[in-house]
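Let's take a walk through a protein structure together. Please keep the picture open and turn it as you read.

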Amino acid sequence: MNAIELSGVRKSFGKNEVLRGIDLDVAEHEVVCLIGASGSGKSTLLRCVNLLEPIDDGRIVVRGEELTARGVDVNRVRRGIGIVFQSYNLFPHMSVLENVTLAPRKALRLSRRDAAAQATELLSRFGLADKRDDYPDRLSGGQQQRVAIVRALAMRPEVMLLDEVTSALDPELVAEVLRVIRELADGGMTMLIATHEMGFARDIAGRVCFLDAGVILEQGPPERIFTSPEHARTRQFLDRIIEAGRL
Amino acid sequence: MVYGVTNAPNWPEVKASFFNWDVYKSSFPGIARAFLLNVKIFMIAEAIILFTALALAVLRSLSGPVFFPIRALAIAYADFFRGVPTILVIALLGFGAPALAIEGIPTSTTFWGIVSLVLIYTAYVSEVYRAGIESVHPSQEAAARSLGLTRGQALASVVLPQAVRRVIPPLLNDFIGLQKDTALVGILGSVEAFKQAQIDVSADFNFTNYLVAATLFVAITIPLARFTDWLVARDRRKRQAGSLV
């Protein structure tokens, strides 16, 4: 069974068609990276997979359940899909511990004590144990993003969606976040990752998809995509990335 | 300016009728007692408004076509009660409702005064809350919903706590307005501070009595303003000082 199956996914914002028929399967324990220029639809695609954006047409199936079917409890479905955003989106009025325990307590009905125990364990695993009682404003960007990852993991998701999670970070903070993601990949987490970090994508992804103007123009193992892309558009994109010193 | 005023030719007369210390002292206890009614009115009204206004703001912020009728009603309510003069609503309900003489309808003018103030200020304060709700970035709700929280849970745990914190100063502003407007209930005959001062003025024809009422109103708003400042500052410190708290 595939972890994620997308077929014919379309999404428009007004007259602007952002996704123009996306077909994509992600196997269990697979790590797939989405690359492409800004505006190519990477973020929108991820937001569609956990129904933050309703799609106009197509099917989305996550672990055998069709999310786009009528009458699906979106709240229950979302609990199994973790998403981490570019801008962290931590809750600023809550401490780190409260950020991480909120959803397990409210959505999974865990007791305060159980949720805190689980959160503390996750925070320690990612080197954030001493930040437990801090408020997000006091943390560095890298720490905030790691807390955001822990917050998503606290729901014990089967699939993780990462939306350019290092794009807002200072360069010296990128590594600590990538290390966490690599650890998740090594642990067998199924992940769909939109990223501009080509080196990282090459290193971690089992498969790379190049998105262009709302369609997946080409996909394949990172080595092939990065060294001998088939499409001129892909080559052009990679040339610009190389020119910018990002690959 | 103070020098100019106190040296004006008619200053002794002005002083005798507006700033008469003897009158001030003798009227103070009576007016202060009456002021307790103002305090009672605004305490009850504010406690109710905190919730009714929040409810109205939440109704108005519901998105989706299903909620259109509710949204429309909430907007109509806010438009109407922000547009009508407070004194008019107080007169309408305060004189009108008891005059119906229907059994079970309270005849207390103070009761109807409170009802009127709640109706009016719910509309004002709901706008303040609404501004707060809209100031919370949509990504906050998206983050909450993506974790599996329901719309209601996201609102209660993530959006409203941030919204309310941000609007505490304008909320206080409206409450100060409300506290002053409790004087309008005096027109119904409830003997609150302004009414009592009016009675005293007509007894000894000295306007110092109004000054007594004025000082009482000011004496309650200033500490309240400082308390709010302190609350806001404390919250900010907490968020920025992290584990040092």
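What you see is a predicted model. The predictor gives the complex an ipTM of 0.90 and a pTM of 0.86. For chain B, the mean pLDDT is 91, and 98% of the residues in chain B reach 70 or more.

Let's begin with a sheet in chain A. Six strands make up an open sheet in chain A, in the order 6-7-8-3-9-10, and the pairing is mixed. Which strands stand at the edges of this sheet? They are strand 6 (81-84) and strand 10 of chain A; each has a single partner strand, so one side of each is left without a neighbour in the sheet. From one strand to the next, the twist averages 20 degrees.

Strand 6 of chain A runs parallel to strand 7 of chain A, and four bridges join them. In this pairing, V84(A) has L162(A) of strand 7 as its bridge partner. Here is something that helps when you look along a strand: in a regular strand the side chains alternate between the two faces of the sheet. Are the residues on the two faces of strand 6 of chain A buried or exposed? I81(A) and I83(A) on one side are buried, and so are G82(A) and V84(A) on the other, which leaves both faces of the strand covered.

Strand 3 is joined to strand 8 (residues 190-194) of chain A by four bridges, and the two run parallel. The partner of C33(A) in strand 8 is I193(A). Strand 3 (residues 31-35) of chain A also pairs in the parallel sense with strand 9 (residues 207-212) of chain A, again over four bridges. There, C33(A) has V208(A) as its bridge partner.

Strand 9 and strand 10 (residues 215-220) of chain A run antiparallel and are joined by five bridges, with C209(A) partnered by Q219(A) of strand 10. These two strands form a hairpin with two residues between them, and A213(A) in the turn has a positive phi of about 50 degrees.

Chain A has another sheet to explore. This open sheet has four strands in the order 2-1-4-5, and their pairing is antiparallel. Its edge strands are strand 2 and strand 5 (65-66) of chain A, each of which pairs on one side only. Nine bridges link strand 1 (residues 2-13) and strand 2 of chain A in the antiparallel sense, and S12(A) stands opposite E17(A) of strand 2.

Which element lies across strands of both sheets? Helix 1 of chain A lies across strand 1, strand 2 and strand 4 of chain A, running at about 65 degrees to strand 2. H29(A) lies in the loop between strand 2 (16-27) and strand 3 of chain A, and phi of H29(A) is near 65 degrees, a positive value in a residue other than glycine. H29(A) has 13 other C-beta atoms within 10 Å, so H29(A) counts as partly exposed. L51(A) sits in the loop between helix 1 (42-49) and strand 4 (57-62) of chain A, and phi of L51(A) is likewise positive, near 65 degrees. L51(A) is buried because L51(A) has 20 C-beta neighbours inside 10 Å.

Let's cross to chain B and look at a pair of helices. Two packed helices are described by the angle between their axes and the distance between the axes. Helix 4 (residues 68-83) and helix 6 (residues 109-135) of chain B pack at an angle of about 120 degrees, with their axes 8 Å apart. Their crossing is left-handed. Helix 4 of chain B brings Y77(B), A78(B), F81(B) and R82(B) to the contact, while helix 6 of chain B brings L119(B), I120(B), A123(B), Y124(B), S126(B) and E127(B). By class, the residues of this contact are seven nonpolar, one polar and two charged.

Finally, how many residues of chain A are in contact with chain B? There are 22, and they meet 20 residues of chain B. Helix 2 (74-79) and helix 3 (96-106) of chain A each supply at least two residues of the side that touches chain B. That side of chain A has 10 nonpolar, five polar and seven charged residues.

Notes. Residues numbered from 1 in each chain as written. Chains lettered and ligands numbered in written order. Predicted model: local features only at pLDDT ≥ 70, side-chain atom pairs only at ≥ 80, totals over all residues. Contact = placed C-beta atoms within 7 Å. Nonpolar A, V, L, I, M, F, W, Y, C, P; charged D, E, K, R; others polar. pLDDT = per-residue confidence, 0-100. Pairing = 2+ DSSP bridges. Buried ≥ 20, exposed ≤ 12 C-beta atoms within 10 Å, placed from the backbone. Axes fitted to C-alpha atoms, helices over the stretch in contact; angles between N-to-C directions. Left-handed = near helix turned anticlockwise from the far one by under 90°.
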